[in-house]
Amino acid sequence: MAKITIDGIAYEVDPKLTVIQAARDHGIKIPHFCWHPKLSVAGNCRMCLVEIEKMPKLAIACATQVAEGMVVKTQSERVQKARNAVMEFLLINHPLDCPICDEAGECKLQDYTYKYSIGYSRFNEDKVHKPKRIQLGPNVMLDVERCIMCSRCVRFADEIAKQPVLTFTQRGDHVVLTTFPGTQLDNPYSMNVIELCPVGALTGTDFRFKARVWEMSSTESTCTGCARGCNINIWVRNNEILRLTPRQNEEVNSAWMCDFGRLQTFKDVNSEKRLSGPLMRKEGILSSVGWDEAIAAAASELRLFKKSEIAGLGSAYASNEDNYAFQKFMKDVLGTKNVDFVRHLKEGDEDAFLLRADKTANTRGAEEVGVKPGEGGSNIDAIIQGIKNGSIKALYALEDDIAAIPEIAGVLSNLELLIVHSSIQNETTAAADIVFSSSTYAEKHGTLTNFQGRVQRIRPAVVTLEQDRALDGFAMSRWDKFASHNDRWGRPIKKDARPSWRIVSAVASAVGGKMKFNSADDVFREISEKVQAFKGLNYQKIGNTGVMSKTASRAVPVV
Amino acid sequence: MTSQNPTETSGKTQWDNLILPSTPNLHKVETYISHGGYEAFKKALEMKPEEVTDEVKKSNLRGRGGACFPTGLKWTFMPKQTTKAKYLCVNGDESEPGTFKDRQIFEFNPHLLIEGTLIACYAMGIPTAYIYIRGEYAKWIKMMELALADAYGKGFVGEKILGKEFSCNIYIHKGAGAYICGEESALMNSIEGERGYPRVKPPFPAQYGLWGCPTTINNVETISNVPIIIKNGWEWYSKIGAPKHPGPILVGVSGHVNKPGVYEMPTGIPILEIIHRWAGGVPGDKGIKAVIPGGSSTMVLRGDQLEGVKMDADSMKAAGSAVGTAGLIVMDEDTDLIKVLTRLAKFYYHESCGQCTPCREGTGWLWKVLKRFEKHEARMQDIDLLMDIANNIEGNTICALGDAAAWPIQAMIRRFRDEFEKRVVHAQAGTPESVAV
Ligand SMILES: Cc1cc2nc3c(=O)[nH]c(=O)nc-3n(C[C@H](O)[C@H](O)[C@H](O)COP(=O)(O)O)c2cc1C
Ligand code: SF4
Ligand code: SF4
Ligand code: SF4
């Protein structure tokens, strides 16, 4: 350990650290643009200049290693003057188009201008003009005038995404960020440069000009794009998800997420094809019905079959709570042992970084909470076989478009009863007798277990008729009241959807079983009592970054 | 512009050139050998490498690339035990305005440079050297390539040289026209095929240089001094010129002089003597308004400030400037200094690599403000603004180009403030004062 002093206070720090790291570890923020804890040191922005005793010049905190006895000043007059100077330099050629800039509100340059700049400009010359609206790749747009040449995006492409296509050309204040000829920024992680970019130079083709940052609320959640379960924030305005951003979790996704997860996973939540309220087949046509009618019908229909004639498919897309309640309903209430779920492995579609071959969020959780055949019961293959040969007559399927799978699609017409939970219209709902409109991952509380065995939270970011926004995650938006009780202005569209655990509990009760769950928390409490993997866990312990389930192996690959 | 022996040195001892002797055809390897060439290298090969370094250290040779850094000391920074490759880069990027001395070596004494390179490599245990030459020097690149081929042909370069264990390969690397690639770490990036961006230091090149390996960078003229030291011994060498900054030095004189050119002389010659005796004085016997003594980055001196200022590190420092590359730019009494400074500012603006904020943004700003002075459109407060911008760049950048851009501005304002004041818009008159151009 090295003894150093920062702003008059003594600290013992790891001698391998740089000044900026040591300061950060002790809660001292040294302003910076180009430095990023996940990237190599570039030292180009000069914002982190600090005074170090016995050094004649100011030193950049990001590239200066601590040393025994070092005395660092981060607030001295010289330091503040240097920061003023760097800010002034950065702003002279900046377009200052904050009023139409997506970054405004979460812009380092803006924030630091308030904190570290002199507050007026001495620049009386013409600004340098540079290219705007450059498509760097399918998902990322560049405005070179806003770029402060920090090289974070370049280093991300080189070091993290391993697709070294970004570079600077030209010199001086004419430097232009660009892609090498014949290349584009199209790696599976390309959009991470958008958050990395400290200004509004890099924006998402998808989100550009959609919203001001302060109009949205953000909710901590987990991406459902694959079994990695990258930690995310869901950004919502007027009850519509507008973007997802990665949230740091060293054990899972570092600070990144893939473009697929970012762009595709919320499309279903906002989809035109969303179901609102249950459906029942009447005279051959699926028609809207009330919840009570659908629940009663499901119960009475199910009662017509022998235990062995019923099969249940949980879902790797559904939460632990949903799957637990579902298997309990199947096994304890209906008494069938024919319980399983469909795996969605896309072999070869994984990589050495984040992406997993398993394209669902909760395969491991579904298995662990008990979505598997009871003793002597049928697994997925046997269930398909049973439907084919007529021994299985009724199928209850959770949150998975099973009809899109050819082997299953071919046998569904043999069924006498098909009950389905789904949030959108799909091939499975089209074949169903009863459809319950279930909440998406963005509309309910719950947990998912990723491939490592890490149990992570999902939270309602979007309001349904039944469920308010997660209030614990209340973030920054002055429009946070949108879609809440006290929202007198917004007219958000609220979907009539319920979480699957609530729906199956209701059907179970209607069948005459005892399943009294009032909240996802209730379900989880029972899981934590009954299932070894979850022993001792609760939502509080899981918190924002998750905890390992008890069955997880110790060796966890960390990115 | 060939080297020339001054004829009118007012009773001073005749100076016999060491780096640029007037021997005809010295660039040919046979001529070079017949005049004692490569003898110093052979002598070095009989010494221990440490002894060679020690000799250079004791000679007090200081770098001719701009910073006057002690060469022998620099060589000792190279790790002796290392599993990595080691490199020598000989810096011939020579792009600083007012500097054109290394070119003379390429043209008139290329084998001296090759011999120096070999000795330096032997002293530091380096098997590979790059001679980096600015791309615009197409003619001199060719000449160096020819000389190097001859040196290979004679067996002075290559494997197991002269039957000894020592092997050394030398490569000539062409620059692509960027001043910044003369900065040692940008030079290494350039050789590596990367963008010519200076690196953040530390780590210094001796730890982490070319391809991450220990590397020494020396100027062409610096290296060309080495055979002279080895041949004649450190004691002899250290008695040439100014004791703390000894040796022959190539002074490039340009601007308002009758005989511009590169003059070899011992260090420590008074600037006025260089101008009047060596470079033939100022045309029309005009007075000297200003002198930039060591290449465009060094601080300008007033003409009335030159008395007793000599071309050596200490004397220049005391006068408030630096030897730099000894590129002396003379400006007579009719010179428009604002125009000169604006042109210099444009150069630094054009050459800033654009990597770090203060230099990238500040150099352009300085130039734009100066343009307004040039056009009589500046305001009085713009003088202090210029000073402030320069101060905000100086010391806050990745490499010394930022400083180099700031110093001329600072010095010019400090020493010629009246020139700026004359160029300010006159609120009442509305017409600028006329200024001789
Ligand atoms: C912007 C800039 C340009 C430079 N250009 C040159 C050059 O052209 N030639 C040179 O020898 N040194 C140049 N230098 C200095 C080198 O970085 C380095 O200090 C020098 O080559 C070391 O050689 P020496 O120790 O023999 O003087 C430059 C430095 C800066 C900051
Ligand atoms: S990048 Fe930041 S400072 Fe620049 S226009 Fe956008 S919000 Fe404003
Ligand atoms: S685009 Fe953004 S991240 Fe990339 S160099 Fe410019 S400012 Fe930095
Ligand atoms: S000081 Fe100028 S030339 Fe040197 S690294 Fe910074 S921007 Fe580039």
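**View 1. Helices H2(A) and H3(A) cross with left-handed geometry.** The model shown here and in the other views is predicted. H2 covers residues 77–92 of chain A, and H3 covers residues 108–116. Their axes come within 10 Å and cross at roughly 135°. H2(A) is therefore oblique to H3(A). H2(A) brings A:Arg83, A:Asn84, A:Met87, A:Leu90 and A:Leu91 to the contact. Facing them in H3(A) are A:Leu109, A:Tyr112, A:Thr113 and A:Tyr116. By class, the contact holds 6 nonpolar, 2 polar and 1 charged residues.

**View 2. Chain A meets chain B.** From chain A, 27 residues are in contact with 23 residues of chain B. Which element gives the largest share of the chain A side? H2(A) does, with 6 residues. On the side of chain A that touches chain B, 16 residues are nonpolar, 5 polar and 6 charged.

**View 3. Ligand 2 is surrounded by 13 residues.** A:Cys98, A:Cys101, A:Cys107, A:Val199 and A:Gly200 are the closest. The shell divides into 7 nonpolar, 3 polar and 3 charged residues.

**View 4. Domain 2 of chain A touches domain 3 of chain A.** The assignment for chain A gives domain 1 (2–75), domain 2 (98–104 + 123–264) and domain 3 (279–442 + 498–548). The C-alpha centres of domain 2 and domain 3 are separated by 37 Å. Domain 2 puts 17 residues into the contact, and domain 3 puts in 13. On the domain 2 side, strand S11 (217–222) and strand S12 (231–237) of chain A are the elements that give two or more residues. S11(A) has the largest share, 3 residues. By class, this side of domain 2 has 8 nonpolar, 7 polar and 2 charged residues.

**View 5. Domain 1 of chain B contacts domain 2 of chain B.** Chain B is assigned domain 1 (29–238), domain 2 (248–332) and domain 3 (337–421). Between the C-alpha centres of domain 1 and domain 2 lie 27 Å. The contact joins 12 residues of domain 1 to 16 residues of domain 2. The side of domain 1 that touches domain 2 is made of 3 nonpolar, 4 polar and 5 charged residues.

**View 6. Helices H14(B) and H15(B) pack with their axes 10 Å apart.** H14 runs over residues 357–374 of chain B, and H15 over residues 381–393. The packing angle is about 160°. Angles over 145 degrees count as roughly antiparallel, so H14(B) and H15(B) are roughly antiparallel to each other. Their crossing is left-handed. From H14(B), the contact takes B:Pro358, B:Cys359, B:Gly362, B:Trp365, B:Leu366, B:Val369, B:Arg372 and B:Phe373. H15(B) supplies B:Asp382, B:Leu385, B:Leu386, B:Ile389, B:Ala390, B:Asn392 and B:Ile393. The contact counts 11 nonpolar, 2 polar and 2 charged residues.

**View 7. Ligand 4 has 14 residues around it.** B:Cys353, B:Cys356, B:Cys359, B:Thr397 and B:Cys399 come nearest. B:Cys359 also belongs to the contact of H14(B) with H15(B). H14 and helix H16 (401–421) of chain B each supply at least two residues of the shell. The shell holds 8 nonpolar, 5 polar and 1 charged residues.

Terms used. Residues are numbered from 1 along each chain as its sequence is written. Chains are lettered from A and ligands numbered from 1 in the order in which they are written. This is a predicted model: local features need pLDDT of at least 70, side-chain atom pairs count only at pLDDT 80 or more; totals for chains, interfaces and linings use all residues. A residue is near a molecule or strand if its C-beta atom, placed from the backbone, lies within 6 Å of it. Ala, Val, Leu, Ile, Met, Phe, Trp, Tyr, Cys and Pro count as nonpolar, Asp, Glu, Lys and Arg as charged, and the others, Gly among them, as polar. Axes are lines fitted to C-alpha atoms, for helices over the stretch in contact, and angles run from 0 to 180 degrees between N-to-C directions. Helices (H or I, at least four residues) and strands (E, at least two) are DSSP runs, numbered from the N terminus. Angles under 35 degrees count as roughly parallel, over 145 as roughly antiparallel, 65 to 115 as roughly perpendicular and the rest as oblique. A crossing is left-handed if the near helix is turned anticlockwise from the far one by less than a right angle, and right-handed if clockwise. Two residues are in contact if their C-beta atoms, placed from the backbone, lie within 7 Å. Domain bounds come from an automatic or database domain assignment.
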